[in-house]
Amino acid sequence: MTDETQRDETKSDETRTGDVLLRGVVDDDLLVFLDQEHDPEAVRLSRFTPRPREAFLAHWRGRVLGDPDCLVRTVTVGGEVAGHAVSWTGPDGRRFVGYWLGRPYWGRGVGTRALGLFLELEPVRPLYADPFPGNAASVRLLERHGFERVGTVRHGEDEHVLLALGVSP
């Protein structure tokens, strides 16, 4: 096998940009994701209520990894699990994207590179995202990738920004 052939086969299963890699999720990744979901600063910025361990694992194994509609990838940096990116179809038929990175990877361009790679894998447009407006870095990240503000949505008591990529004028 030539180096070129090997690189082409790797690209079919892994997507690389610099030291950021997207790969399929393995069960060991879930405990890293759980820890990241419980980071107090991430909770404050996302306004997402962290789930207890068993509920988290059941959700990920059943509703995320067990749903063929979900596209989900682990984000790694230098071989370390940095977070994840996922897309799914909501009850109203709209396709959403979400992502979560551990705090050590914030502000380093990892989210920009990872989301760019993920958007190459996710073909559905329009694609929506609904970050909490207090998470200005996440809103800016989405806007840098072409998402535009199209409204707001409520999650519990909080109003979130609704952004869309590929909406028709």
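Student: Which residues form one aromatic cluster?

Tutor: This is a predicted model, in which local features need pLDDT of at least 70, side-chain atom pairs count only at pLDDT 80 or more, and totals for chains, interfaces and linings use all residues. Residues are numbered from 1 along each chain as its sequence is written, and side-chain values use heavy atoms, with hydrogens and water left out. Rings of Phe, Tyr and Trp (its six-membered ring) pair if their centres lie within 6.5 Å; planes under 30 degrees apart count as stacked, over 60 as edge-to-face and the rest as tilted. One aromatic cluster is formed by Phe33, Phe56 and Trp60.

Student: How many aromatic pairs are there in the whole structure, and what is the geometry of phenylalanine 33 with tryptophan 60?

Tutor: The search of the whole structure gives 5 aromatic pairs. For phenylalanine 33 and tryptophan 60, the ring centres are 5.1 Å apart and the planes stand at 50°, so the pair is tilted.

Student: Which helices does that pair link?

Tutor: Helices (H or I, at least four residues) and strands (E, at least two) are DSSP runs, numbered from the N terminus. The two residues are 27 apart, so to speak, in distant parts of the chain.

Tutor: Buried means under 20% relative accessible area, exposed over 50%, partly exposed in between (1.4 Å probe, protein chains only). Phenylalanine 33 has a relative accessible area of 1%, and tryptophan 60 has 4%. Phenylalanine 33 is buried, and tryptophan 60 is buried.

Student: What kind of pair do phenylalanine 48 and tryptophan 100 make?

Tutor: Phenylalanine 48 lies in the loop between α3 (40-46) and α4, and tryptophan 100 in strand β5, 52 residues apart. Phenylalanine 48 is partly exposed at 32% relative accessible area, whereas tryptophan 100 counts as buried at 14%. Their ring centres are 6.0 Å apart with planes at 75°, so the pair is edge-to-face.

Student: Over which ring does the charged end of arginine 94 sit?

Tutor: A charge sits over a ring if NZ of Lys or CZ of Arg is within 6 Å of the ring centre and within 35 degrees of the ring normal. The charged end of arginine 94 is 5.1 Å from the centre of the ring it sits over, that of tyrosine 128.

Student: Which element gives the most to the lining of the largest cavity?

Tutor: The lining consists of Val75, His84, Ala85, Tyr99, Leu101, Gly111, Ala114 and Leu115. Two or more of the lining residues come from each of β4 (80-89), β5 (95-101) and α5 (110-121). The most, 3 residues, come from α5.

Technical notes
1 Å grid on protein atoms, 1.4 Å probe; cavity = no way out; pocket = protein on both sides within 12 Å on 5 of 7 lines; lining within 4 Å.
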